[in-house]
Amino acid sequence: MANLIALNNPFRLKRPAPFKLNAINLNGAAFFINAVFLLTAAFLFAQPQPLKFAKHQIASESYETVGVFDVDNDNLVDIVSGAYWYKGPEFQTRHYIGSAKRYGEYYDDFSTIPLDVNGDGLMDFITGGWFGKQLVWKQNPGDAGEWQEHLIAEAGNIESTRSWDLDGDGIIEIVPNTPNDSLVIYRLQLDSNKKGTGMLSKHSIFGPHGHGLGFGDINSDGLTDIIVAKGWLQAPEDTFTGEWKMHNDFELGTASVPIIVADVNKDGLSDLIVGQGHDYGLSWYEQKPAAKKQKTQWIKHAIDPYNSQYHSMEWTDIDQDGENELITGKRYRAHNGKDPGGNDELGLYYFKWNGENFSKQVIDYGPYGRGKGTGVYFSVSDVDNNGMQDIIVAGKDGLNIYYNEPIKQ
C-alpha cells in the first residue's frame, strides 16, 4: 500500500525533461543576453566618468603656496609662487619677485591672495609666515622688477591666510589663521573712488583659536560666520563693530585651512568638511538641529581616514556637472616628516558626493618624485582656457599644473 501511495502521489519528484536547443530557446537566450548587455551598458554609461589630468611640472622650487591671476594686464592668467611669477599661457618664462626668508625646510610664505591693495590697477598679493609672524602685501611694479614688500601687521604665528567677503560689499577681507594669537580681520581701506589705499584696518574679534579656519553661514541667517577648531563664531549684523558670539559645538583637532562650509547632504543645513593638517583623517560633520535646551549636534562621518596631512582643500565644480567636488591631498613634509603619516606616499585627489557618501578619485599618487602632494595654499583655475578647471599645486615637492582634460563623448 505504501508503494502505491508513493507512485500515485501528485507531489512526488519527477525527472526533469531534457533541455532541447531549439530555435525558440536560442532566440530567448539571445534576447536575454542582449537585454542584460544593454542594461549593463546603460548603467555604466550613466555613471560619472573619472576625470583625466595631464601633469606638467613648472618648477622644482620648494615654495608651498601658489596663486593664479593676471600679473601684467594682458588678459591672460599667470602663475605666482614664492620668488617668481610665470607668464601665461605657457608658464615657461619666469620673472623674479623677491624671495621670502627661509627657515630650515620652510619659506616664510604661506598664502598668495590676489588683491589690488594700492588701487593702481595692478594685482598685488598678500602673504605671511609662521616664523617672522608678519602679514605683508607685495606690490606689483608693473614691469619685470622686484616686488616691494609692505608690512600690514605683526600678526603672530601665521599657519596660513585666507580671504572672504565677510560683509558682502564685493571686496574680500583678509583673515590669517594664527593659532596662538588673536583672530583678526583685516579690511582694505578705500578712497572716494572705491579703490585701495594701500592700507588695511585691523579688527580683532576673538583670542587664540587653534589650528584651522573656515567661512560660511552656519545658522542660515544670511551672515558669514567664521569656523575655528573649537567651534564657530556667529557673525553680528555689523561685521567690524559688532560682537562675534562663540559657539563651542565641536573639537576639530589640527583642522585644515580652510574648513569647508557646505550643505553636503542637501537638507538645508550647512555642514563642515574638515581635513587633519597634521594627523590622519578627512571627515564631514553633519549638522543636526538643536533640540530643546541643547546645542546644535554635529555628526562626524569619515571620508578618508587612511591618509594624513590634509592641510588645504578647495570646494568647486571640477567636472562641470553643476555640483561641487572636494579637491585636496597630502601636504608633503608638513612638519618636516614628523607628523603621523608624514613619510607616507603622496597623493592628490578629488572626492565626489554621490548622495550618500564621498567617492575618492585619484589624480596622482606615489612616493616623492613620482606622486605629488599639496602645500599650504593651492589654486584651481582654467589656465589653458579650455573650459575645464585645472589644479595648480605648489609644495616642497615642486610646482605643478594638472591640466583637466575634456571628457570625450
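Which residues does aspartate 344 touch, not counting residues up to four places away in sequence? Hold that thought for a moment, everyone, while I say what we are looking at.

This is a predicted model, where local features need pLDDT of at least 70 and side-chain atom pairs count only at pLDDT 80 or more, while totals for chains, interfaces and linings use all residues. Residues are numbered from 1 along each chain as its sequence is written, and side-chain values use heavy atoms, with hydrogens and water left out.

Back to aspartate 344, then. Its partners are Tyr280 and Lys330, where contact means heavy atoms within 4.5 Å. With tyrosine 280 there is a side-chain polar contact of 2.6 Å. By polar contact I mean a pair of N or O atoms within 3.5 Å; within protein, one must be able to donate a hydrogen and the other to accept it, and residues adjacent in sequence count only if both atoms are side-chain atoms. You will find aspartate 344 in the loop between β25 (325–329) and β26 (346–353). Aspartate 344 has a relative accessible area of 34%, so it is partly exposed; buried is under 20%, exposed is over 50%, and partly exposed is in between, using a 1.4 Å probe and protein chains only. Its C-alpha atom is 8.1 Å from that of serine 308, a residue 36 positions away along the chain.

Arginine 333 is not glycine, yet its phi is positive, near 50°. Its relative accessible area is 19%, so it counts as buried. Glutamine 309 has a positive phi too, near 60°, and belongs to the loop between β23 (297–302) and β24. Glutamine 309 is at 0% relative accessibility and therefore buried.

Let's step back to the whole chain. How many helices and strands does the chain have? There are two helices and 30 strands, taken as DSSP runs numbered from the N terminus, with helices being H or I of at least four residues and strands E of at least two. The chain has 409 residues, and 49% of them count as buried. Looking at contacts with a separation of 6 or more, 47% are between residues 24 or more positions apart.

Next, the cores. A nonpolar core here is a set of buried Ala, Val, Leu, Ile, Met, Phe, Trp, Tyr and Cys residues joined through side-chain atoms within 4.5 Å. The largest one has 29 residues, and Ile79, Ile391 and Leu399 have the most contacts inside it. At least two residues each come from β1 (52–59), β4 (84–86), β26, β29 (390–393) and β30 (399–405), with β30 giving the largest share, four residues. There is also a second, separate core of 19 residues, which includes Leu115, Ala153, Val184 and Val376. As for isoleucine 79, its contacts beyond four places in sequence include Trp85, Phe91, Leu399 and Ile401.

Now a threonine I rather like. Is threonine 65 buried or exposed? Its relative accessibility is 0%, so threonine 65 is buried. Threonine 65 sits in the loop between β1 and β2, and its side chain makes a polar contact of 2.7 Å with the side chain of threonine 112. Among its other contacts beyond four places in sequence are Val80, Asp109, Tyr377 and Ala394.

Tyr377 brings us to the largest pocket, as Tyr377 is among the residues nearest its centre, along with Arg162, Ser163, Trp164 and Glu314. A pocket, on a 1 Å grid over the protein atoms alone, is an open set of points where a 1.4 Å probe fits, with protein on both sides within 12 Å along at least five of seven lines; lining residues have an atom within 4 Å of a point. The volume is about 570 Å³, meaning the space filled by probe spheres set on the points, which are joined across faces, edges and corners. The lining has 23 residues, and β24 gives the most, four.

Last stop, the cis peptide bonds. One runs from glycine 88 to proline 89, with omega near 10°, and proline 89 is in the loop between β4 and β5 (94–96). Another runs from valine 257 to proline 258, with omega near 15°. Thanks, and do have a look at the structure.
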